[in-house]
Amino acid sequence: MADAVDQIAERYGADGLNALQKGIKPDLINRLADNGIRPVDYELMGITTPQMAEAVAEAVEALKPLGLATEQNIARFTKLTRAGVTKENIINVIQNNIRSSSYIQKKIIDMFEEFSHLDDAAKWQLKNAVDEGLIDVSTWRGKLSGDILTEKLTAEEAVAIEKYLKNGDDVFRISPLQNSGTADFIINGLEVEFKGLKAETYENIRSKAIEYAKESFTPKPDGKGADKLLLDCSYNNLNLTLEEAQIIADGIKLMYPSKIIEIWTKFGDILK
């Protein structure tokens, strides 16, 4: 055993020793590494216990031959395994991008530590969003917190929140009652104003984008003092090309060089 510990220390350094201290055995550390997940990646992958390490190893080994071993899919596979879903069903929902059942999602909300910071009322509100088909908590890698009760999530807002949570970002929802003077979310420490667009032409989209940028980036109390503006042109399937979105983003960036502008289109995303 001493030789195995020495080999882990030599191969992975302090990260390997930290994994051993968590109770993860050398053979499992090497098994994960053979699948591209080294001890330095454990925090990002949520590997904090031997049980989680085993679950992630099983997920990678199931998904890799199918070409589906992304961080998002591995996290979802692991979460659904913990919820008692069979391997065959998990692969099916991932391959076909199927929303997890409301029963499984509610089980995850009630039992998993990722949701333990929420009180019963907040969990109830999330379950309502699950029933309405707005969210799929089995796909989340980040943590949702803040005001989940004052107003229910709109469909556009839910899509935006879920996209960030899938990517592993933490989202704090600012109370909608404060929206006259504050942004909508705090995401990874940045105040983010979210706007869904329904304009039909490029000129209308550009005009709205500039209007929203002024409202979002003007310091409080006249504006919202946001760090970032997120414009969602994808939810309503607007005919905005990536090239047009880039032009809009570049123009706003010239006006507000210290701010961040993100535009989602049905063709992809722009971040400046």
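Colleague: Let's start with D170. Leaving aside its neighbours within four places in sequence, which residues is D170 in contact with?
Modeller: Keep in mind that this is a predicted model. In it, D170 is in contact with G142, K143, I186, I187 and N188, once neighbours within four places in sequence are left aside.

Colleague: Where is D170 found?
Modeller: In the loop between α9 and β2, where β2 covers 171–173.

Colleague: And what separates the C-alpha atoms of D170 and I186?
Modeller: They are separated by 8.2 Å, with the two residues 16 apart along the chain.

Colleague: OK, cavities. How many of 30 Å³ or more does the structure hold?
Modeller: It holds 1. The volume of the largest cavity is about 40 Å³.

Colleague: Which residues line the largest cavity?
Modeller: The lining is made of K79, E114, F115, H117, W140, G142, K143 and L144. G142 and K143 also came up as contacts of D170. By class, the lining of the largest cavity has 3 charged, 3 nonpolar and 2 polar residues.

Colleague: What about the largest pocket, how much space lies in it?
Modeller: About 650 Å³. Its lining has 22 residues, and M45, G46, M52, E114 and R141 lie nearest the centre. E114 is also in the lining of the largest cavity.

Colleague: Which elements give two or more residues to the pocket lining?
Modeller: Those are α3 (42–45), α4 (50–63) and α5 (71–82). The largest share comes from α5, with 6 residues.

Colleague: How does that lining split by class?
Modeller: There are 9 charged, 7 nonpolar and 6 polar residues in the lining of the largest pocket.

Colleague: Switching to rings. How many aromatic pairs are there?
Modeller: The structure holds 3 aromatic pairs. In one of them, Y164 and W264 have ring centres 5.7 Å apart and planes at 45°, so the pair is tilted.

Colleague: Where do Y164 and W264 sit in the chain?
Modeller: Y164 is in helix α9 (residues 155–166) and W264 in strand β6 (residues 260–265). They are 100 residues apart, and the pair links distant parts of the chain.

Colleague: Are those two buried or exposed?
Modeller: Y164 is buried, with a relative accessible area of 7%, and W264 is buried with 2%.

Colleague: Which charged end sits over the ring of W264?
Modeller: That of K163, 4.0 Å from the ring centre. Another case is R82, which lies over the face of F112 at 4.1 Å from the ring centre.

Colleague: Back to the pairs. What is the geometry for F217 and Y256?
Modeller: Their ring centres are 5.2 Å apart and the planes are at 55°, so this pair is tilted. F217 is in helix α10 (residues 202–217), while Y256 is in the loop between α11 (242–255) and β6, 39 residues apart. With 5% relative accessibility, F217 counts as buried.

Colleague: Last one, S216. Where is it found?
Modeller: In helix α10. S216 has 0% relative accessibility, so it counts as buried.

Colleague: And which residues does S216 touch, not counting residues up to four places away in sequence?
Modeller: S216 touches E193, K224, G225, A226 and L229.

How values were computed: Residues are numbered from 1 along each chain as its sequence is written. This is a predicted model: local features need pLDDT of at least 70, side-chain atom pairs count only at pLDDT 80 or more; totals for chains, interfaces and linings use all residues. Side-chain values use heavy atoms; hydrogens and water are left out. On a 1 Å grid over the protein atoms alone, a cavity is a set of points where a 1.4 Å probe fits but cannot get out, and a pocket is an open set with protein on both sides within 12 Å along at least five of seven lines; lining residues have an atom within 4 Å of a point. Grid points are joined across faces, edges and corners, and a volume is the space filled by probe spheres set on the points. Ala, Val, Leu, Ile, Met, Phe, Trp, Tyr, Cys and Pro count as nonpolar, Asp, Glu, Lys and Arg as charged, and the others, Gly among them, as polar. Rings of Phe, Tyr and Trp (its six-membered ring) pair if their centres lie within 6.5 Å; planes under 30 degrees apart count as stacked, over 60 as edge-to-face and the rest as tilted. Helices (H or I, at least four residues) and strands (E, at least two) are DSSP runs, numbered from the N terminus. Buried means under 20% relative accessible area, exposed over 50%, partly exposed in between (1.4 Å probe, protein chains only). A charge sits over a ring if NZ of Lys or CZ of Arg is within 6 Å of the ring centre and within 35 degrees of the ring normal. Contact means heavy atoms within 4.5 Å.
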